[in-house]
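Please look at the sequence and the 3D structure together before reading on. The briefing below then takes up a few topics one at a time.

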Amino acid sequence: MTDKKSFYITTPIYYPSGKLHIGNAYTNIASDVLARYKRLMGYDVFYLTGLDEHGQKIQEKAAEAGKSPQTYVDEVAEDVQKLWQLLDISHDKFIRTTDKDHEAVVAQIFERLLAQDDIYLGEYSGWYSVSDEEFFTENQLAEVFRDADGRVTGGIAPSGHEVKWVSEESYFLRLSKYADRLVAFYQEHPEFIQPHGRMNEMLKNFIEPGLEDLAVSRTSFTWGVKVPSNPKHVVYVWIDALSNYISALGYGTSDTKTFDQFWPADIHMLGKDILRFHSIYWPVLLMALDLPLPKRLIAHGWFVMQDGKMSKSKGNVVYPEMLVERYGLDALRYYLMRSLPVGSDGTFTPEDYVGRINYELANDLGNLLNRTVAMINKYFDGEIPSYQENVTSFDASLAETVAENIKSYHNYMEAVDFPKVLDSIWQIIARTNKYIDETTPWILAKEEKTQELASVMSHLAASLRVVAHLIQPFMMITATGIMTQLGLDNTYHLETISLESLPANLTVVKKGEPLFPRLDMEEEIAYIKEQMSGKQTTEKPWDPAEVELVNEKDAIKFDLFDKVEIRVAEVKDVQKVPGSDKLLQFRLDAGDGEDRQILSGIAKYYPNPEELIGQKLQIVANLKPRKMMGLLSQGMILSAEHDGQLTILTVDQKVPNGSQIG
């Protein structure tokens with residue numbers, strides 16, 4: 001075992017059901033920043049990320065795509081790993097729950113808990129969302145569907161996905177057995193769940209009302225780890241996925257050296273939406289295995305848009321690839337870490353993104369480096385003078401600001417407060433820019449005050465060197481650019497960095513390239529908005545089988561428009577769907593010889609739907625049919641949103657039914 005201190009950090013393992021957006025990128029970049037920081041502080045680091053690849057939803061999506069589940073997840077895994085490579089994520093292992101060594105550990109854990117009676121066989125009945133891979137009580141549903149007699153026939157989960165009634169034999173984990181022990185752990189470790197306040201949410205919302213035992217196996221699908229002693233059961237996600245944090249280290253194998261060094265985890269980084277699983281199910285599972293619990297769960301907020309949570313149906317999803325391609329990796333990493341307040345959500349706007357690049361990166365940092373390099377070249381032929389203290393009356397103040405903010409930087413890093421970490425760095429940058437105005441080096445040169453001028457140049461170079469070290473975990477390309485222009489190699493010493501440790505005999509580059517060229521605000525804001533609206537040109541070809549209806553109006557990418565059949569259809573009949581407050585049932589003539597049925601969630605906008613009979617609408621005609629409320633929906637009706645209202649798009653009555661629009 002190494003003599004170094006160890007640090008183990010994990011991200012959630014993502015479900016391979018869709019393209020990852022900047023919210024997912026945030027989690028991995030945040031973890032990457034901490035991993036890089038700890039390495040520079042002398043730690044042995046193990047950084048884990050990966051994919052949760054089992055489950056009913058994957059089995060169904062693979063079947064719809066005409067692929068085996070393994071082929072389907074292999075393709076997704078390749079795309080995700082390309083994204084982490086693009087974002088320069090320095091993970092030490094990428095785990096997949098389809099890895100054979102992981103599956104073996106999961107089976108072993110299940111059988112052990114079964115043998116010690118922490119798992120028992122029973123029967124589960126309840127509402128289940130395939131998309132969420134989660135069970136819900138009737139009270140937890142966002143909307144409940146009822147028949148004419150008032151009986152519940154279905155509903156909508158808080159996520160917006162439809163649920164169905166499931167009744168099947170299942171194994172259960174005895175959560176209730178460990179409830180008191182879990183509460184005691186919370187009380188003894190108030191730092192366990194961060195930010196503060198989220199622990200109370202778990203206590204009041206889930207533990208104090210009474211923990212019910214958790215279903216941990218399924219028999220209605222086969223894509224997963226089979227229970228060795230009862231192979232008709234598949235181990236459910238909460239044991240399969242959560243166990244990745246220990247299986248990745250070699251737990252349950254003949255070689256536990258890595259596990260012995262790094263467990264318990266120092267930080268599980270996760271979104272607030274999956275805190276319950278990590279703060280209740282995971283600790284109970286570890287207690288049952290007689291293993292130490294993780295030290296901290298960091299449950300961060302979401303990036304939301306001005307019109308709410310990112311959603312393909314709203315046309316407001318932001319993908320990291322586009323931002324990196326257009327503005328570079330460091331701008332994205334900086335923005336994400338700077339803009340999400342600890343413990344709350346952050347709002348992404350194109351204006352804010354471009355503004356931070358221009359004002360904070362180009363003006364504050366980039367201009368400071370450009371001015372410094374230019375002045376050293378002009379006044380000292382590119383050679384940085386040796387560092388001396390207190391030559392000008394402003395040197396001490398600059399040195400004090402740098403020292404104070406280095407200390408703050410480390411404190412905020414330990415607190416995982418990235419906006420304040422970066423603010424500490426920008427305090428140094430702002431003070432250094434002010435130092436130039438205070439010392440007026442152009443006047444010192446004119447008055448031939450060589451000693452004072454030399455001190456100013458060395459202090460500027462020394463301050464920029466400190467900045468390069470401090471931003472390295474966040475912005476690796478920028479840090480290297482600063483060090484190169486100062487004549488330094490790409491070596492960092494965060495444990496010992498200081499203003500006065502500037503090496504001697506440095507020669508800056510003659511003319512450095514701007515780190516962040518200024519952007520045309522209006523042009524770039526328009527570009528990002530266009531991309532957010534779905535007009536990217538790098539999307540993979542559209543497959544109707546992959547389109548999910550979200551609130552019945554999923555957005556379609558503009559550049560794929562010619563692959564979509566939009567046709568004119570006449571409303572022959574329309575009525576409310578019994579048991580639903582949202583759905584209308586349309587019977588339409590789309591000119592293809594027989595009527596088609598489409599369900600649309602627009603009932604509240606058309607309280608008298610019979611008024612639509614005879615209207616000619618625009619429909620997407622080549623979507624894969626989907627059952628809703630037991631009824632088949634054979635397409636999508638196009639509509640427009642305006643001022644909180646929704647209006648169906650109609651066409652002139654003279655246009656024949658079935659006419660293609662495009």
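Predicted model: local features only at pLDDT ≥ 70, side-chain atom pairs only at ≥ 80, totals over all residues.

Residues are numbered from 1 along each chain as its sequence is written, and side-chain values use heavy atoms, with hydrogens and water left out.

**Aromatic rings**

- Rings of Phe, Tyr and Trp (its six-membered ring) pair if their centres lie within 6.5 Å, and planes under 30 degrees apart count as stacked, over 60 as edge-to-face and the rest as tilted; by this rule there are 29 aromatic pairs.
- The rings of Tyr14 and Trp84 form a tilted pair, because their centres are 5.9 Å apart and their planes stand at 50 degrees.
- This pair links distant parts of the chain, 70 residues apart, with Tyr14 in strand 1 (residues 6-14) and Trp84 in helix 3 (residues 69-86); helices (H or I, at least four residues) and strands (E, at least two) are DSSP runs, numbered from the N terminus.
- Both Tyr14 and Trp84 are buried, where buried means under 20% relative accessible area, exposed over 50% and partly exposed in between (1.4 Å probe, protein chains only).
- Tyr120 and Phe172 are a stacked pair, because their ring centres are 5.6 Å apart and their planes lie at 20 degrees.
- Since Tyr120 belongs to strand 4 (residues 119-129) and Phe172 to strand 8 (residues 162-173), the pair ties together parts that are 52 residues apart in sequence.
- Tyr120 is partly exposed at a relative accessible area of 23%, whereas Phe172, at 8% relative accessibility, counts as buried.
- One aromatic cluster is formed by Tyr8, Phe46, Tyr245, Tyr251, Phe259, Phe262, Trp263 and Trp282.

**Charges over rings**

- A charge sits over a ring if NZ of Lys or CZ of Arg is within 6 Å of the ring centre and within 35 degrees of the ring normal.
- The charged end of Lys38 sits over the ring of Tyr43, 4.4 Å from its centre, and that of Arg218 sits over the ring of Tyr128, 4.1 Å from its centre.

**Helix 5**

- In helix 5 (residues 179-188), the buried residues are Ala179, Leu182, Phe185 and Tyr186.
- They lie on the same side of helix 5, because they cover an arc of only 120 degrees around the axis, the arc being that of the directions from the helix axis to the C-beta atoms.
- Asp180, Gln187 and Glu188 are exposed on the other side of helix 5.
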